[in-house]
Every structure is written in C-alpha cells, then in structure tokens.
Amino acid sequence: MRIDLHTHSAVSDGTQSPTELVRAAAAAGLDVLGLTDHDTSAGWGEAVEAASDAGVELVRGMEVSTTHRGASVHLLAYLPDPTEPDLVAMLERIVAGRDDRLPSMLDRLAGLGMPVTLDDVRRVSGPDAVPGRPHVADALVAAGHVADRTEAFDRYLADGGPAFVDRWAPELVDALDVVRRAGGATVVAHPWGRGREASLPEEDFPVLVEHGLAGIEVDHQDHVAPHPDVRDRLRRLAREHDLVVTGSSDHHGAGKVDHELGVHTTAPEEYERLIARAAAAAAAAGRDTPSVV
Ligand code: AMP
Ligand code: ZN
Ligand code: FE
Ligand code: FE
C-alpha cells in the first residue's frame, strides 16, 4: 500500500487539475491519495469521480492556513463536513484575506521594478483558483522577471521578503476546534520545516492535543538538512502524545521541485488510525462527514 496524504491541484496552487492529479497518482503507483488544496474543498467533486475511474482511494482533505505565536502554521484537515457553517465561514475569510493582499504585493513588486497586474495573476492561476504567492510567482515568470517559482520566492515572495505581505488566518487552536466540530481529523503539516520550530515548540503540543490534534506530518521534504534529526524528534513527540505519524509529498505538480508524488508516504497502520480519528470526530460532532472513496 502506497499512501500519499498531502497534495495540491490547480484549485489552489498546484499545476494539475484534480483529474490530472488523480491520474498521475495512479501512474505513480499510489493506492491512496489525499487531496489537500489550500483553504478549499472545491476540487473534491472532480477528484472523487476521477478516483473511481482510476482505481485510487481518495481522502478528501484541505490544508488550512492558520497562525500560532504570530507565525504561519499549516493544518491538514481530513474528511471534515465541508458544509459545516463555521468551517465555511472560516475558509471564506481566509480566501478573502488571500484576495485582499494581492494588490499590495503587486504594488511592492512594481516598486521593485517587477510590474505584474492582477489580470496577469488571474491569467496564470485561472479565474477560480484560491490565489497564493505561487501564482504571483508564475506571473513574474510569465513576465520574464524571474526564471521559476523558486527564484521568485528567493528574491521577492518568501516570508519577510521584499514583496511579502501577510494575510489574515485563524489562530491554530481555533482552527483545530472548527475542524473538530466539522467532524474532521487534523494533522499539523511540516511543523518544523524551514526554521518553523521556534514558532511551534514541543511544549505547545499538549494544548494542541487538547484541541483535538490527531497527527503530525513527520516525513516531508521540508524536514531535511540542516536538521537531520528533526523527523526522529517529531516521531518521538508523536509517540509521546499518541498522535498519528504521516508522511507525504506535498506535491504541487510542476510547481514545486523535489515534491514528486510518493516521495514520502504514510504507513498503512498510521493511515488506518487517521481514518478512525476522523470517524470518531464525526461521531462526536454528530456530523455526516465524507468517507474515503
Ligand atoms: P501562500 O499560501 O500564498 O502564503 O503561499 C505559500 C505557498 O507557497 C506554500 O504553501 C507553498 O506551496 C509555496 N511556497 C513557499 N515557499 C516556496 C518556494 N520557495 N518555492 C516554491 N513554492 C513555495
Ligand atoms: Zn501550496
Ligand atoms: Fe504547507
Ligand atoms: Fe501543502
């Protein structure tokens, strides 16, 4: 069983349609695929159909933008009821914040001599995608200002970079509560990648567990050098708190290098525990949540 529980389609900032992503997962020899677009369930319907055609088991999820200790934390939410009103309201507010910051990012880029317009961004993202910095990066590429997304992030768009603008996100503990009430299971994504450990220290995990955190994404490309022991320490932390351990690619199609489908995978017994946690959350919330299909 090859299980990859964290991927993005063009509904957010991946480059493949949900159908293309599901087909690519089958071609890559995956048995189970988690679709986790940023802050939206909009790709679920198309992915469900494609998955039944492709013979892939699909886990409907999303990657929710949150904030903790003033820094960004990504929260994977699996199988929440997408119609739960608080969840709907939270996602709408996050997406509105994504829209709102685009003009100021573009102003900064213009000031840096790298003009791109909102239409340029919409052209590369498609009209309905949840907009993100990778789309701004794609617009910079299309305008010939940079060679690829990586250069756009390194020079302008990375956190704290000259064209970076922050946006609204719910507190991590509040997002945990909302997903739990929607009957979903939560896994904190790449918690200690890219220097994030300071903003999500080990001592904060007991509180997250009280708010229903179900798992930690341990095996991820962001958890590499210069901290080679980071995965071992996260695995131990997960064991200490009886949390599920996942491993995933965080695939973005052609949009992110070194994140090929299946580059990291989740053990079948951990996957079973995760699905059981979602079922328990759904029962406790009295919600009719999506099942694995
Ligand atoms: P946003 O959600 O708009 O704040 O953009 C963050 C997203 O940009 C992340 O979820 C990644 O998918 C992507 N990202 C972050 N850093 C990089 C990078 N250096 N190169 C390519 N994509 C990146
Ligand atoms: Zn992304
Ligand atoms: Fe992420
Ligand atoms: Fe992601």
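This is a predicted model: local features need pLDDT of at least 70, side-chain atom pairs count only at pLDDT 80 or more; totals for chains, interfaces and linings use all residues.
A polar contact is a pair of N or O atoms within 3.5 Å.

**Polar contacts**
- The side chain of H252 has an N or O atom 2.9 Å from an oxygen atom of ligand 1.
- For H38, the distance from a polar side-chain atom to an oxygen atom of ligand 1 is 3.2 Å.

**Burial and pocket**
- On its own, ligand 1 exposes 500 Å², and the protein buries 88% of that area.
- The largest pocket is where ligand 1 sits.

**The surrounding shell**
- Helices α3 (85-111) and α5 (133-142) are the elements that contribute two or more residues to the shell around ligand 1.
- In total, 13 residues surround ligand 1, and the closest are R98, R101, R133, R194 and H252.
- By residue type, the shell comprises seven charged, four polar and two nonpolar residues.

**Position relative to the domains**
- Domain 1 covers residues 3-91 + 168-285, while domain 2 covers residues 102-157.
- Ligand 1 lies between the two domains because both of them give residues to the shell around it.

Note on methods:
Residues are numbered from 1 along each chain as its sequence is written. Chains are lettered from A and ligands numbered from 1 in the order in which they are written. Side-chain values use heavy atoms; hydrogens and water are left out. A residue is near a molecule or strand if one of its heavy atoms lies within 4 Å of it. A polar contact is a pair of N or O atoms within 3.5 Å; within protein, one must be able to donate a hydrogen and the other to accept it, and residues adjacent in sequence count only if both atoms are side-chain atoms. Accessible areas come from the Shrake-Rupley method with a 1.4 Å probe; for residues, only the protein chains shown count as cover. On a 1 Å grid over the protein atoms alone, a cavity is a set of points where a 1.4 Å probe fits but cannot get out, and a pocket is an open set with protein on both sides within 12 Å along at least five of seven lines; lining residues have an atom within 4 Å of a point. A molecule sits in a cavity or pocket if more than half of its atoms lie within 2 Å of its grid points. Helices (H or I, at least four residues) and strands (E, at least two) are DSSP runs, numbered from the N terminus. Ala, Val, Leu, Ile, Met, Phe, Trp, Tyr, Cys and Pro count as nonpolar, Asp, Glu, Lys and Arg as charged, and the others, Gly among them, as polar. Domain bounds come from an automatic or database domain assignment.
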